[in-house]
Amino acid sequence: MIGLIRANDLDRWASRITAAPEFPRLIRLLVHATARGLTQIDFPADEAIRLAGWDGKVLAEEASPFVPVGFSAWELGTGHDPRDKANEDYAKRTRNPISVEPLQAIFIFATPRRWPARDDWVVEKRAEGKWKDVFAFDAEILVQFLEHAPAVAAWFAPVLGIIPPDAHALEAECDDFRTATRPALDLSGFLVGRASERKELLALLQGPPLVVEISATTVDEAAAFVGACIESLPEHERDSLWARAIWVDSSAGLRTIAVSDHPLIVVASGDLRPGTQHHFVKVNASRFSGAGNSIELGAQPVSELVDYLVAQGLDRNDAYVRCQEAGGYLERVRHTLLVVAPSVPEWVAPAVGVTIAPAILIGEWDESHETDKAVVAAIAGVEYEQFVRAITPFQSGPSPLISRAGTVWKIYSRPTAWKLLEPLLTTLQVNVLLQSAHDVLLEPDPRFDLPPEERWMANFHGKRRAHSGHLRNGLAGGLLHTAVLGRDDSACYADRRPQTWIDGACHRLFEMHGEAGFWRRICGELRELAEASPDQFLIALEADLEQTEPQVSDLFEDEGMNGAFLYADLLWALELLAWAPEHVGRVVLVLAAIADLDTSTRGGNPPHSSLTEILLPWHPQCSATSLERKNLFAQIMQHFPAAAWNLGKALIRTTSTSPSARPKLRQWAPEAKHNPVSNADYWAEIQDISEALPILVWVEISGSGLRDRARGRPGESRWRYGTAHGCGILVH
């Protein structure tokens, strides 16, 4: 980078208080960038400059323009009078060379100051013959040094207040990349699940010059991956690569590094033509141009990404949701954490958005089902092929609209897409969504025509629905997103509240609850439907449970060892509604009514387990207060005594629990953090439970927790609460 940094710039910088601790790092990087056959290098920087000993040591097996062959011992100074400092260091090290044999070593003094008499001093000291050789570098020499090390010059120029126009140090780019988010994200996250890609890139960079192409979600991610690979190395190897790594974003930038006769690591985007003397790392956003050495950065393991983000300071639940929405791409998560909001995606432009906006209503589908394609076309209001052509370009980038895996299409980050595209929806499209959801969700499932123990083989028997499970999930999610995220002022709702639209659609759906097999038809979508329209869901369930033979009992049919637990989504739907203050009372009574039925199954969590997790005294998973839970337990005792018996035992004896279902979009549930109740409050609630039960219960506090000691039956004598032998005893 000829002319970027001048001697006057270095001389002025030397007067800063930070120059002394920074100077050793500058020299260390310059040596790494230009030396040949380097086998030893040590230049302690920052606080380490206070340590006794040489400021630097270098062993090079070949001579280079600025680093002599053999062993050299370095002293550095930033003071106003470089001659005085050079004389002082020379005399001190000549008297006490500290494990260095002067006649076998080269003494080098370096200063960022101008030193007009530098050459005279060198001649004078060489004449003494006390060292193998003597060199001195001042600002004029260092400027030439920097011109032969473009990556170091690009790193150091901003320190001087100089911004390179067309090339930047990759290390500086990575520093900006880190601090662009809140919280700041270290580069190690881009190596999660990419051990083989890291190994491949480092092997290529440490070999002869060649072209490497990296394809990633964004150009920035690909460049950050290169930086993360370098940063993961031991210090000596890391500095060697940082000193040669430079980011170039134009042809002019390539020309600025032409003077370097040492192989650089040039990271560049676009269609820049690489040189043959450097490693050229071409970074692309999800496309290859055909380079021989290609590395593709795909999705990363969600569980490992969550652990990484938690270590960076994110809440675990928040990190999990972000990673799931991003499809396992950290770069897409990063874009949701940017301090400065990213630009609006291209697919939001009205010219494009009008055509693709219906995708947020559909959510996901499988185009191997012709029936799915027909529904998609109906909601979109255009031919299926036209709709697919419109959305296909928006599968990549930091904020993609959609993804495709085989024949399955799915919206990325549906809540984000909803906020951006909802204004472009039409009333007709919303109406078609509601009708399509009604027809598709109520489609009978032919696998129930088979005996229970054979249903797991339904596909082998050709027993499958006309519409895919993906479309069913997508349409149910469309109802949920409309209800929760729909804006009252959006034109597509024709001056009606979005929740009113969804309640009406769910009313028409749930009024079919009296039909045979109703709950089986929609069991897989009950969580979304319950969260979308809680009242309509609970009304239908309560009405069904009042019947002599409730249809919901079908969900508890035993399908054998290979069968499904059909009732799982029903219990999860009720658990997530328990977080809402306005629904928790009804949910608890509905669960008690279901638990009161004969719902014995081969395994899984029975209904009373969900009821226990919701009301558990030491870790309740609902919105009810202690007093409200006591009143709810009393109501269960009154209406469902058999369920109350099992519930009471469980509430007193349970010493462990698992997280209950939480809403996807509604803000009912607090952050999932365990906030244990005090021992006094816990025992007070246990006493309330014991006093409500007409049973005998004796529990002991021991090293292993609560242990049942004796148990009576309904109708036995009622005793009082007390203590004995240091143990808590609940006696009736």
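How many residues of strand β4 (residues 106-110) are buried? Five of its five are, so "buried" here means under 20% relative accessible area (1.4 Å probe, protein chains only). This is a predicted model: local features need pLDDT of at least 70, side-chain atom pairs count only at pLDDT 80 or more, and totals for chains, interfaces and linings use all residues. Residues are numbered from 1 along each chain as its sequence is written, and side-chain values use heavy atoms, without hydrogens and water.

**View 1. Strand β4 is covered on both faces.** I106, I108 and A110 lie on one side. F107 and F109 lie on the other. Strands are DSSP runs of E, at least two residues, and helices are runs of H or I, at least four, numbered from the N terminus.

**View 2. β4 pairs with β3 and with β5.** Strands pair if DSSP finds at least two bridges between them. β3 (residues 70-76) and β4 run parallel over five bridges. L76 stands opposite A110. β4 and β5 (residues 133-137) are also parallel, over five bridges. F109 has A136 as its bridge partner in β5.

**View 3. W54 and F107 form an edge-to-face pair.** Rings of Phe, Tyr and Trp (its six-membered ring) pair if their centres lie within 6.5 Å; planes under 30 degrees apart are stacked, over 60 edge-to-face, the rest tilted. Here the centres are 6.0 Å apart, with 65° between the planes. W54 lies in the loop between β1 (36-42) and β2 (56-62) and F107 in β4, so the pair ties together parts 53 residues apart in sequence. W54 is buried at 8% relative accessible area, and F107 at 0%.

Conventions
Buried means under 20% relative accessible area, exposed over 50%, partly exposed in between (1.4 Å probe, protein chains only).
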